[in-house]
Amino acid sequence: MKSLEAVFGPNSALVEELYNQYQDDPDQVPDHWRTYFDELNGDAAAPPAEKEPKKEPAQKKEPAPERKKKKKPKKEEPVPEDAKKHKIKGVASKIVENMDDSIKVPTATSLRVLPMKMLTEDRAIINRHLLRNGEPKASFTHFIAWAVIQALKEFPTLNSYYKNEDGTHYRIEPGQVNLGIAVDLKSKDGSRNLVVPNIKGVDQMNFKEFLYAYADIIYKARNGDLEISDFQNTTISVTNPGTIGTVSSVPRLMQKQGAIIATGSINYPAEFQSMAQDVLNQLGVSKVMSITCTYDHRIIQGAESGSFLQKIHQLLNGEETFYESIFKDLDIPYEPLPFGDDQYQGQLSGGTNTLEHDRRAIAVWRLINMYRMRGHVLADLDPLEVSPGHGPELDLEYYGLTLWDLDREFYCGGLGGFKSAKLRDIIKLLRDTYCSKIGAEYMHLLDLDERKW
């Protein structure tokens with residue numbers, strides 16, 4: 001019978017817990033696991049009978065070679081008398097065994113730091129759309145994982161693994177991408193357990209399909225409904241210790257995988273973290289995130305791993321229609337925010353406004369008026385759910401504005417009851433007013449009192 005580690009790798013600890021429950025009472029575990037354990041016990045109950053070895057004809061004994069003296073193992077230092085010994089058992093002991101097994105994989109790690117401005121802003125737009133339509137929310141991990149999936153199309157070696165057969169070295173390239181998602185689960189006793197189920201065939205999905213497949217695997221993990229197949233044949237994994245504040249991580253790589261991608265926390269660079277938020281907004285300082293690629297150095301080289309991370313960087317920064325395709329898959333009528341270099345030349349505090357600052361203020365006022373005249377073209381009015389049209393004159397780029405302006409404050413002339421507001425709040429208010437389930441347009445009215453009403 002194969003060991004649980006050989007079949008389930010880093011998930012063997014969870015499977016052993018289920019097996020212990022099964023031994024106490026088979027009805028405690030789901031049907032698919034009970035069937036699996038029944039089969040395992042059936043294999044173990046009837047091992048094949050060993051055949052008696054054939055008697056070979058007597059041969060002349062050759063003089064035995066001299067035996068080398070075995071080195072005596074070094075004695076471990078005794079535990080101090082005042083120390084406490086805690087036996088590692090259960091899930092924790094399996095983690096120890098998995099880590100010992102991972103030492104057999106010769107790894108190296110590439111690291112890159114990515115700006116998160118583009119992802120943060122477009123994710124906010126996407127989640128407002130998803131929330132309005134009752135669909136699953138998209139986390140940062142969704143987009144990072146999606147960038148990994150797209151980058152693998154150019155760097156498929158990262159999705160392969162090493163195998164040695166009879167002394168011959170092979171690089172095995174699976175037929176599809178089965179993306180492992182590390183999920184941190186809290187046990188009843190308060191301890192934490194990491195499982196890594198996978199989403200199969202992610203390279204054949206669009207973003208909306210991936211969004212729902214991701215939500216499904218997380219739901220199954222949280223509710224104890226993971227099946228045997230959910231753990232099998234993982235080809236590459238993504239883990240996000242950044243959710244607990246870890247800045248950078250180099251996770252262990254298990255056998256039969258070529259790489260594991262880990263992301264850190266999303267925050268301003270350390271040297272900016274104590275600065276006033278308004279100053280950061282004016283300076284155009286972006287939050288950043290570190291990302292590492294730990295890979296099997298037998299089949300993947302450093303240049304390839306580094307180029308793979310560079311590709312992820314480019315995609316998350318909006319290159320190659322990365323966000324445009326996501327917006328299209330989700331039927332979002334807006335265009336993603338344009339990246340663009342920040343050309344802001346205004347005063348950080350006090351002083352006279354520059355010509356560039358005045359130009360941007362006028363651009364924002366023109367944008368507000370254009371939403372009042374043309375915002376209805378983006379309204380979601382069709383009961384057949386046909387995507388609304390697109391008005392390029394409602395894009396920031398049309399007015400020379402970029403995502404760096406979103407946190408800067410502009411005069412808005414009483415819009416929503418505010419004399420001034422951040423550009424992001426202005427756009428949100430305009431879209432909620434003119435581009436949702438009701439399309440309003442009143443600028444054609446000639447009577448001034450009527451229009452003001």
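Among contacts in the protein with a separation of 6 or more, residues 24 or more positions apart account for 64%. Keep in mind that this is a predicted model.

Now the overall inventory. The protein has 13 helices and twelve strands. There are 453 residues, and 42% of them count as buried.

On to the charged pairs. How many salt bridges does the structure hold? The number is 13. I'll take three of them.

The pair I'd show you to begin with is R424 and E121. Their side chains meet in a salt bridge, at 2.5 Å from N to O. R424 sits in helix 12, residues 423-434, and E121 sits in helix 5, residues 117-132, so this pair ties together parts that are 303 residues apart in sequence. Is E121 buried or exposed? E121 has a relative accessible area of 4%, so it is buried. R424 is at 26% relative accessibility, so it counts as partly exposed. The pair also belongs to a network of salt bridges that links K117, E121, D407 and R424.

Next, D31 and R34. These two form a salt bridge, and the closest N and O atoms are 2.6 Å apart. Both residues lie in helix 3, residues 31-45. They are three residues apart, about one turn of the helix. What about exposure? D31 has a relative accessible area of 51%, and the cut-off for exposed is over 50%. Therefore D31 counts as exposed.

Then D230 and K220. Here the closest N and O atoms of the salt bridge are 2.9 Å apart. D230 is in the loop between helix 7 (207-222) and strand 8 (236-239), while K220 is in helix 7. The two are ten residues apart. D230 is buried, with a relative accessible area of 9%. K220 is buried too, with a relative accessible area of 15%.

Where is N198 found? It is in strand 7, residues 198-199. N198 is at 2% relative accessibility, so it counts as buried.

What does the side chain of N198 reach? It reaches the backbone oxygen of Q232 at 2.9 Å. A polar contact of 2.9 Å also joins the side chains of N198 and K200.

Last topic: a hairpin. Strand 2 covers residues 161-165, and strand 3 covers residues 168-172. They pair in the antiparallel sense, over five bridges. Which residue in strand 3 is the bridge partner of K163? That residue is Y170. Two residues lie between the strands of the hairpin. D166 is in the turn, and D166 has a positive phi of about 55°. One general point on strands: in a regular strand, side chains alternate between the two faces of the sheet.

To recap, briefly. R424 and E121 tie together parts 303 residues apart in sequence. D31 and R34 stay within helix 3. N198 is buried in strand 7, and its side chain reaches the backbone oxygen of Q232.

Methods
Residues numbered from 1 in each chain as written. Predicted model: local features only at pLDDT ≥ 70, side-chain atom pairs only at ≥ 80, totals over all residues. Heavy atoms only, no water. Helix = DSSP H or I, 4+ residues; strand = E, 2+ residues; numbered from the N terminus. Buried < 20%, exposed > 50% of the residue type's maximum accessible area, 1.4 Å probe, protein only. Contact = heavy atoms within 4.5 Å. Polar contact = N/O pair within 3.5 Å; in protein donor to acceptor, adjacent residues only side chain to side chain. Salt bridge = Lys/Arg side-chain N within 4 Å of Asp/Glu carboxyl O. Pairing = 2+ DSSP bridges.
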